[in-house]
Amino acid sequence: MTFFFHYFILNHLSRKISRRSKRRGRRSVRPLSQTTKEPSAAASCTTILDLPGPILIDILSRLPFKSILVSRCICTTWRMLVSDPLFASMHRSRAPALELLLHPKSVSCASTTLHWVDLDCIFKTAPPVDRNERRKTRLNSKFYLPLPGCNIEKKCLNVNTSSSRSSFMDCYGIVNSCNGLLCLSEPIYNNPHIICNPVTGEHISIPRSEEDDMFCGPVISGFGYCRRSNKYKVLRLVCQPENMYQTMAEVYTVGTASWRSIGCEPFDLGLSLFTTYLNGVVHWVSDTANSPAVIVAFNFEEEQFSLISLPPHFGETHKEKENLHYMNMGVLGGCLSVCDATFWDHFDIWVMKEYGDPTSWTKEHVICAHSGCLHRPIKFLENGDILMIYNKAELVAYSPVEGYFRYLKIDGVLAVFEAITHVPSFVPLADAVGGDHLNVHTIKASCSEGESSEGTETLFLVEQGKPRSASKSTSFWAVDDGE
Amino acid sequence: MSSSKKSRIVKFKTSDDKTFEVEEAVAVQFETIKSMIDYVCANDCTIPLPNVNAKTLAMVVEWCKKHADERDQLMEVDVDEAPGAVLYDLLVAATYLRVEDLIHRVSQRVSKMVIEIGKLPEEEDVRKTINIKSDFPPQVEEELRKLRRTLGPLSDVLVLFVSSGLLE
């Protein structure tokens, strides 16, 4: 018996090795479509469904975002596995990648659709070589946001599907994304009202009170997670009519019954810009009349405000107030980052290497571009390129090594977009947020009943010509392209 | 294991009724078996493995005999040649015997395979490739087909499909 077994193994392996060596260097993974065509004993024996559930969950949790979504539509077993809490926790523990969602949003109207950009697919394709070639990529992957005032009623959902674009009066704005959840705020006054997971379509409402309709001026808000207490919290800064000159800070712990006041907001935020969430802290750039620009931070765990200074030269007079719109703030490579575009021929990307230490502000990149419009860094791509959104209308990949840009114009019904970085989560909303006061709804945006692709809003990414080099740029080239 | 002792042999009976003799040094790597080795050897028992066939057990044993660096090579070979079913068998066996490292490696390999599968244009191709049948109700199937006609490749349709709540 043992003899047979050794003979078998030796024979088997040596054959494989010899074949392998011939094939080495061509491709390491064989296309699967071929593997099954081989007349193997596979028909009668084990299929992937015979694997033990936890193992199959383990396998599925290793997949990239898109493949996970594919696997949900293969059979009911897989679908159940992907909805399993074990899957959600395994998926989360594997530190899923930061995904990019585009949200069509102008001053007067916004969309209820989020468009997912398959960055892997798009930026692994080489740009068109011919200057006159236009390559159009359709963004078919969409998630829906709930509509105000109709969480469950059918009739509103029909409105939703007939026109996914809504006027400013009846659509939510996005406060920020945190651990796969989005906080949405009501139109006009930006009062935070919904927590939703766009991937699963689940959402819950934040309780409202009658005073909520009597705020003076727009509400500033932020949404975050407290690691120690495992709670999600929403912060809002409001002006009450009885005390117009004092901004009050209120916190809502998700799962509880109501908002609670935590006293006055100490720093007088003024116009708060660039809501940025990072590791349990939400940040804004404060724009007040008298003081130099500064970052105001709110720690959700301690419920405390603090100030973080901007990079050193931001204290200079020309950086103040009127120039604030030529900068922006975000997270790049896990660090707080500020992009300074107040120069006419280049812009700087600053990164705070050690969070909370203002001496660690480092000018990481100086990018030459005669743009006049603002590049907002989104994230690093796999190859080290910086992905940015330009003028709210184009995706830009900038290679710091080779110094060239790839511009992909976003083409849709609306012309301007906000870019949301989002780590998708499959954790059921009730499990994620916990608490007693939860009433989880699910969006059921039906896409049946003869609705064609034209019925819903569709976005395209249009790329044209050769990538442009940063250093050799002729002035204002950005204007003549994409038109 | 003390080197003074003579290496003992653990006997297994596979699902296809073949008897296997495995050295103790290998058998102790099977977490499931580990604790019963003393008893089994003393009483000359054969351990039945109702869901592991001879071919698969041979592969598991081969894996366990190798040192860590050689395992990489072995895995690479298997990866390139093994059709899905072999990997699944291996994974079922590894899980049953609890050979953690092997479970991890094969899982990794299978997930690579599933990623490739996910790139196929139609869900029916996916199902054929992994040899399973759809068990969705016919109206869901029809919906999926309709979506694919208007939107193109399967993978693009799916996100919409999933978020549409059709399957809830």
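I took a nonpolar core as a set of buried Ala, Val, Leu, Ile, Met, Phe, Trp, Tyr and Cys residues joined through side-chain atoms within 4.5 Å. Buried means under 20% relative accessible area, with a 1.4 Å probe and protein chains only.

This is a predicted model, where local features need pLDDT of at least 70, side-chain atom pairs count only at pLDDT 80 or more, and totals for chains, interfaces and linings use all residues. Residues are numbered from 1 along each chain as its sequence is written, chains are lettered from A in the order in which they are written, and side-chain values use heavy atoms, without hydrogens and water.

**Cores.** I found 72 residues in the largest nonpolar core. I48(A), W78(A), F12(B), F30(B), V60(B) and V110(B) touch the most other members. Helix α6 of chain B (residues 84-97) gives the largest share, nine residues. Another core lies apart, with 31 residues, including I206(A) and F223(A).

**Cysteines.** I counted zero disulfides over all chains (a disulfide is a pair of cysteine sulfur atoms within 2.5 Å). C178(A) is buried at 1% relative accessibility. C183(A) is in no disulfide either; the nearest cysteine sulfur, that of C196(A), is 9.0 Å away.

**Helix α4 of chain B.** I noted residues 54-65. Helices are DSSP runs (H or I, at least four residues), numbered from the N terminus. How many of its 12 residues are buried? The count is 10, so α4(B) is mostly covered. Among them are L57(B), V60(B) and W63(B).

Technical notes. Buried means under 20% relative accessible area, exposed over 50%, partly exposed in between (1.4 Å probe, protein chains only). Helices (H or I, at least four residues) and strands (E, at least two) are DSSP runs, numbered from the N terminus. The expected span of a helix is 1.5 Å times one less than its number of residues.
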